[in-house]
Amino acid sequence: MSQFVGAIDQGTTSTRFMIFDHAGSVVASAQREHRQIYPKPGWVEHDAGEIWTNTLQVIAESMRKAGHRATDMAAIGITNQRETTVLWDRRTGRALHNALVWQDMRVEARVADYQREGGLDRFRAQSGLPLASYFSALKLQWLLENVDGAARLAESGDALFGTIDTWLAWNLTGGAQGGAHITDVTNASRTQLMNLATLDWDPELLSAFRIPRAVLPRIVCSGARHGEIKVAPLEEVTLAGILGDQHAALVGQTCFEPGQAKNTYGTGCFLVMNTGTKPVTSHAGLITTVAYRFEGKPAVYALEGSVAIAGAVVQWLRDNLHMIETSADIERLALEVEDNGDVYFVPAFSGLYAPHWKHTARGVIAGLTRYANRGHIARAALEATAFQTREVLVAMEQDSGLRLNELRVDGGMVANQTLMQFQSDILGIDVVRPAVAETTALGVAYAAGLAVGFWRGTADLVANWSVAKRWCPQMPGPRRDQLTTSWQKAIKRTLDWTS
């Protein structure tokens, strides 16, 4: 009898395979990092072939650790970094170019061109998204126009586009020998090519971005039977779940009721609120997106605020400035000082995302005096994530008309007690970490398990959720207001740096 569900968690910096039991507990896990490729300032690429190789390796390692065979697995799912754009040859299975990562800014000039013709919100009515270098459409356009032969192959259907979920699903289900060319509604909603109302590729958007339909995958539900795995050690296991990483975390946090929200702290930071079965148009700089869609049920929508740089600023301090040896050292360094010393770090390395959407912004460290030391910079780097989250939450409450009384959190940075306490302080609400912190992988495992009957319904998933840690606000209101005012001053220093 199949007793477990697996999840491929393909993120910006690494790939994991995790195995869960019926209680939602982790049985086994394996992880491998992949290279971050920076050909030019602002350009970020991944080797799609390396990601596929790593995926096979972590699946094999995790199954070996658990002592499982394919027959032990009820289903698997894929959750992935979104917007990252892959173009490959259907006949050979080889990528035509490195993947363009969601952080990549090479299409900045194209964003400006489209914006001049119709404004920042030119395509928001159909796609729910503002014009930004973040989304996949302009990345795909760049590949089609800059990779030799790509446009011709796309027109003929011999070049295939996908976000990372599509790339992995195609390879897992047969690749060049008939692999399924699919994406789910959540990932499709991040391309700026899908219509939120029809949940299909929008002819007007395809025309505007000059994308041939033949290159696009078929859009499917987040939880459904998508095909059988053709590669060892998961032969004949059903691929039954696909969710973009932030949507998967929403499911993993069991935010199934309108008004429930979660924030994931990873390379970037992503606050997502369930808004129910009708999309809510944002007037405060957020994104309207599909939260998830389970087979036989209507789509559920969400508001999202995306922060480009969260954990990545810690990596920058480690790798570029060599201020710390490991990412975990950031908390120790921050605790060497009592407060930020009036230092503010706005890490607008890829411009500012929600709620500002300023691709011309660049990072600044403001408020430096001779008093400031590396501890103040470390604390300011951590606090930047919390300040940016506050901006998004305020915008979300304005758009939704709902007041959050707690925020569910997950991701790698929630292990940082100093950051989580400051997050609660600067928001003025409770911050709650669940017992299973790996909610992204858990969420897509839930989607896959629901599709094959491993779990009977969402009530089973809610019953699995429990609190591991709760942080309550301790900061006086006047101090919170003072810090927020200074942060807003620092934000103003970043704007239009490259204009």
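The residues lining the second largest pocket divide into 9 nonpolar, 10 polar and 5 charged, where Ala, Val, Leu, Ile, Met, Phe, Trp, Tyr, Cys and Pro count as nonpolar, Asp, Glu, Lys and Arg as charged, and the others, Gly among them, as polar. The model is predicted: local features need pLDDT of at least 70, side-chain atom pairs count only at pLDDT 80 or more, and totals for chains, interfaces and linings use all residues. Residues are numbered from 1 along each chain as its sequence is written, and side-chain values use heavy atoms, with hydrogens and water left out.

**Pockets**

- A pocket is found on a 1 Å grid over the protein atoms alone, as an open set of points where a 1.4 Å probe fits, with protein on both sides within 12 Å along at least five of seven lines; lining residues have an atom within 4 Å of a point.
- The second largest pocket holds about 620 Å³ of space, a volume being the space filled by probe spheres set on grid points that are joined across faces, edges and corners.
- Its lining has 24 residues, and Tyr38, Val44, Trp316, Asn320 and Phe349 lie nearest the centre.
- The largest pocket has a volume of about 990 Å³.
- Thr13, Tyr265, Gly266, Thr267 and Gly412 are the closest to the centre of the largest pocket, out of 42 lining residues.
- Elements that give two or more residues to this lining include strand E1 (4-10), strand E2 (14-20), strand E3 (26-33), helix H9 (245-252) and helix H10 (311-319); helices (H or I, at least four residues) and strands (E, at least two) are DSSP runs, numbered from the N terminus.
- H10 gives the most to the lining of the largest pocket, with 5 residues, and H10 also gives the most to that of the second largest pocket, with 5 residues.
- By class, the lining of the largest pocket has 12 nonpolar, 20 polar and 10 charged residues.

**Six-stranded sheet**

- An open sheet of 6 strands has the order E3-E2-E1-E5-E14-E13 with mixed pairing; two strands pair if DSSP finds at least two bridges between them.
- E3 and strand E13 (223-228) are at the edges with a single partner strand each, so one side of each is left without a neighbour in the sheet.
- From one strand to the next, the twist averages 25°.
- Helix H1 (residues 48-66) packs on the sheet and touches E1, E2, E3 and strand E5 (73-80), its direction making about 150° with that of E3; contact means heavy atoms within 4.5 Å.
- Angles run from 0 to 180 degrees between N-to-C directions, and axes are lines fitted to C-alpha atoms, for helices over the stretch in contact.
- H9 lies across E5 and E14 and runs at about 105° to E14.
- E13 and strand E14 (residues 238-244) run antiparallel and are joined by 3 bridges.
- Glutamate 228 stands opposite threonine 238 in E14.

**Seven-stranded sheet**

- The order of this open sheet of 7 strands is E17-E18-E16-E15-E21-E22-E23, and the pairing is mixed.
- Strand E17 (287-292) and strand E23 (467-471) are the edge strands, each pairing on one side only.
- Strand E22 (residues 430-434) runs antiparallel to E23, with 4 bridges joining them.
- Proline 434 stands opposite valine 467 in E23.

**Helix packing**

- Helix H12 (residues 374-400) packs against helix H16 (residues 477-494) at an angle of about 90°, with the axes 11 Å apart.
- H12 is therefore roughly perpendicular to H16, a class that covers 65 to 115 degrees.
- Ala384, Phe387, Gln388, Arg390 and Glu391 of H12 meet Leu483, Thr484, Trp487 and Ile491 of H16.
- This contact has 5 nonpolar, 2 polar and 2 charged residues.

Terms used
Parallel < 35°, antiparallel > 145°, perpendicular 65-115°, else oblique.
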